[in-house]
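Subject: Structure for you to look over

Hello,

Here is the structure I promised. Please open it alongside this message and check my notes against it.

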Amino acid sequence: MEISQQLQDVEWIPRPKILALRRLGITTAEGLLTHFPRRHEDRHQFPKFPREESDKPVCLSGEVIKTSLRRFGGWKKIFEATLQEPDANALSQPLTCRWFNLHYIQKMIATGQQLVVFGKPRLRGSRICMDHPEFEVIENDEERSIHLRRITPIYPATEGLSQRVLRSIIYRLLQELDTEPIEPLLPKNLKNGDRGQAIRAIHFPETWESFEVAREHLVLSEFFAMQMLIASRRNESHSKLSAARGGRGELLEKFLRSLPFALTTAQEKVIAEIRHDLSVGHPMNRLLQGDVGSGKTVVAIAAILLAVEAGHQAAFMAPTQILAEQHYAVLRRWLEPLRVKLSIRTAARQEESFLPLVEGEDKADVIIGTHALLYEKVSFPNLGLVVIDEQHKFGVVQRARLIRQRPDEPAPDVLVMTATPIPRTVTMTVYGDLDVSTLDEMPGGRGKIITAVRNSAKLGEVLSFLRAQLEAGRQIYVVYPLVEESEKLEAKAAAVEYERWRERLHPWSCELLHGRIPGPEKQEIMERFRSGETKALVSTTVIEVGVDVANATVMLIENAERFGLAQLHQLRGRIGRGEHKSYCILLTSEPSSETAEKLAVLEKTGDGFEVAEADWEMRGPGDLLGTAQSGLPALKIGNLKRDAELMQRARRAATSIFASDPGLVAPQNQRFQQLIVEQQGRTFSNVS
Ligand code: ADP
Ligand code: MG
């Protein structure tokens, strides 16, 4: 049998199982053989039943000597199965496995059966229990050797397919698979070895060492394929032509002279990088990373001015209306004296009259907008530069859409900016087609931010602190998470919260801001806060990104445990923007050790990268990237964190192939062309 075999043509697989597999998107032998185990159990020999609790799950085997079904609390039920270990003696303690309200379990387990269970042993009274263990009934058939006395694969749970059935099908497929070596997807210098061998060993390894070797092979294959696609995209964009768009820089010089501060060294370095990009004949594709407050806007303006001076239009995109309006205000202040013409487009500003984008004397040089701009029918005939702010709020697809151009137009230069520090492996994947610049220095003259976690029960003390700050002339943010899902409830919850805070902060003026407030009104509220007329802003996370009010020095975050670390760090970035000392107070009513550990990270460090690393450690990469997570490629076996080093190796290999053979025409490289075509369909296919 060949690996490309259709499963429906394999006679011995029962039809209902074929259907169940198809529901998982598995239709070929290869598809099934790359449905990798999620873990393995060493079933050579099972340990003795434990006598103590453990936080590490263990794998045990025993005979069911008793089952019982008990009711509790009215209609709820507990099903219990008592297991006895093999070679039990008088001192042996049985193990009680318990399932709550899972009616189907009782139909699967009966006295006399042999079970393998996997779970955490817990002490309940004098009994050792396992609650909701994973389990498998061992049957006395000729297939026993597939499931026992080996390192046994455990697959991701699949409806309609038991572990046993799935394992048996995969076992037999592997037996029938041709023993001829399958051509590796990897270049020789990256990893030697046979792909078929690796696939066998990833399912049924002889030893843990052979499993590790197989895993490395397959992870590298996966990463390499992905990096080849990314490298090919990069290669493509580098071979595209664009007009050199760097102006002479006079406008930029004027702008820099008008600033009330000197650039940081980091800003200077990044502006030079951008200037270089713009001066060469292929389009810029650059990611600018910089922690909140590091001064990305100035860099964006520098890029915009270079493009404008060279006679092009620039678009500046923000994820929210508030932010677009803020950028508009900042750019007006700085650019109108330089006679640069600005126009704004947001969903809320549809009706107003704009400077025309296209014709006439008054044609806008810079168009600022929200992503509503993305979907607009207007095309920019002269678009030379696109700046996308707070990229993590946009998905990869939106980015692609924004910069999609007509084939006959020269590609615009693109600068994407993000305040979410991104671990390197993620940068290498989601943003792998971009060059990366980092603003690794904060402008001087910033007040310190002190972060403190407080129990909600201590609200009284916190309130007197807030009042003292208001008394001293400062302004404050109060942020709370919304739990309601419907718009109506959400608005209502916000209103209730707001009333409470108005009373608490009386007589200081207080306003409410949330996502359901219509655009223009939102704008007025923000303006009153910026001007200092409003002293306290009670808000949802709509203020999360970019908002810049230097006199606001206190941020109180309610139910802080409901936010992710990266998000809390973003929120905190709203303060500490002026010369005054700032305070971020994280209120929580849930002092569990996990919450405490999480929030303590913010007390300890103000560095976005450290926060991101800790966040990643605790929650995995998905949440870290927020909505952009939808742009993460679907990985079958590799793990972005654990396998960071393999990703680097794969990336180096892919880059060097394209560097020496951009057309992939050398005989040893031609096979990679197909690989890239396959990846096109696969890699970013899970993007919403
Ligand atoms: P972010 O990187 O979070 O977008 P901003 O661009 O909004 O940061 O900058 C934050 C604040 O710092 C703004 O008020 C900006 O004018 C100011 N700023 C930027 N660069 C400097 C600098 N080199 N020195 C002092 N202040 C600066
Ligand atoms: Mg910003």
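Glu80 and Arg70 form a salt bridge through their side chains, with N to O at 3.0 Å. Glu80 sits in strand E3 (residues 76-84) and Arg70 in strand E2 (residues 58-72), so the pair ties together parts that are 10 residues apart in sequence. The two ends differ in cover. Glu80 has 6% relative accessibility, so this residue counts as buried. Arg70 is partly exposed, because its relative accessible area is 40%, and buried would need a value under 20%. Please keep in mind that this is a predicted model.

**Other salt bridges**

The structure has 26 salt bridges. As background, side chains of opposite charge can pair when their charged atoms come close. Two further pairs deserve a look.

Take Arg43 and Glu41. Their side chains meet in a salt bridge, N to O at 2.7 Å. Is Arg43 buried or exposed? Arg43 is buried, because its relative accessibility is 2%. Glu41 is buried as well, at 4% relative accessibility.

Now Arg286 and Asp277. This pair also forms a salt bridge, and the closest N and O atoms are 2.6 Å apart. Both Arg286 and Asp277 are buried. Elsewhere, salt bridges with shared partners link Arg38, Arg39, Glu41, Arg43, Glu134, Glu136 and Arg167 into one network. The Arg43 and Glu41 pair described above therefore has both of its residues in that network.

**Ligand 1**

Which residues come nearest to ligand 1? They are Gly293, Lys296, Thr297, Arg446 and Asp548, out of 17 residues around the ligand. By type, the shell divides into six nonpolar, six polar and five charged residues.

- Gly293: a polar backbone atom lies 2.6 Å from an oxygen atom of ligand 1.
- Thr297: an N or O atom of the side chain is 2.6 Å from an oxygen atom of ligand 1.

How much of ligand 1 does the protein bury? Taken alone, ligand 1 exposes 570 Å², and the protein buries 85% of that.

**Thr588**

Thr588 belongs to strand E22 (residues 582-588). Its relative accessible area is 6%, so Thr588 counts as buried. What does Thr588 touch, leaving aside neighbours within four places in sequence? The contacts are Val453, Arg454, Asn455, Ser456, Glu561, Thr595 and Leu599.

**The chain as a whole**

The protein chain has 688 residues, and 52% of them count as buried. Its secondary structure comes to 22 helices and 22 strands.

**Where to start**

Finish with Glu80 and Arg70, the salt bridge at 3.0 Å.

Best wishes

Definitions and conventions
Residues are numbered from 1 along each chain as its sequence is written. Chains are lettered from A and ligands numbered from 1 in the order in which they are written. This is a predicted model: local features need pLDDT of at least 70, side-chain atom pairs count only at pLDDT 80 or more; totals for chains, interfaces and linings use all residues. Side-chain values use heavy atoms; hydrogens and water are left out. A residue is near a molecule or strand if one of its heavy atoms lies within 4 Å of it. A polar contact is a pair of N or O atoms within 3.5 Å; within protein, one must be able to donate a hydrogen and the other to accept it, and residues adjacent in sequence count only if both atoms are side-chain atoms. Accessible areas come from the Shrake-Rupley method with a 1.4 Å probe; for residues, only the protein chains shown count as cover. Ala, Val, Leu, Ile, Met, Phe, Trp, Tyr, Cys and Pro count as nonpolar, Asp, Glu, Lys and Arg as charged, and the others, Gly among them, as polar. A salt bridge is a side-chain nitrogen of Lys or Arg within 4 Å of a carboxyl oxygen of Asp or Glu. Buried means under 20% relative accessible area, exposed over 50%, partly exposed in between (1.4 Å probe, protein chains only). Helices (H or I, at least four residues) and strands (E, at least two) are DSSP runs, numbered from the N terminus. Contact means heavy atoms within 4.5 Å.
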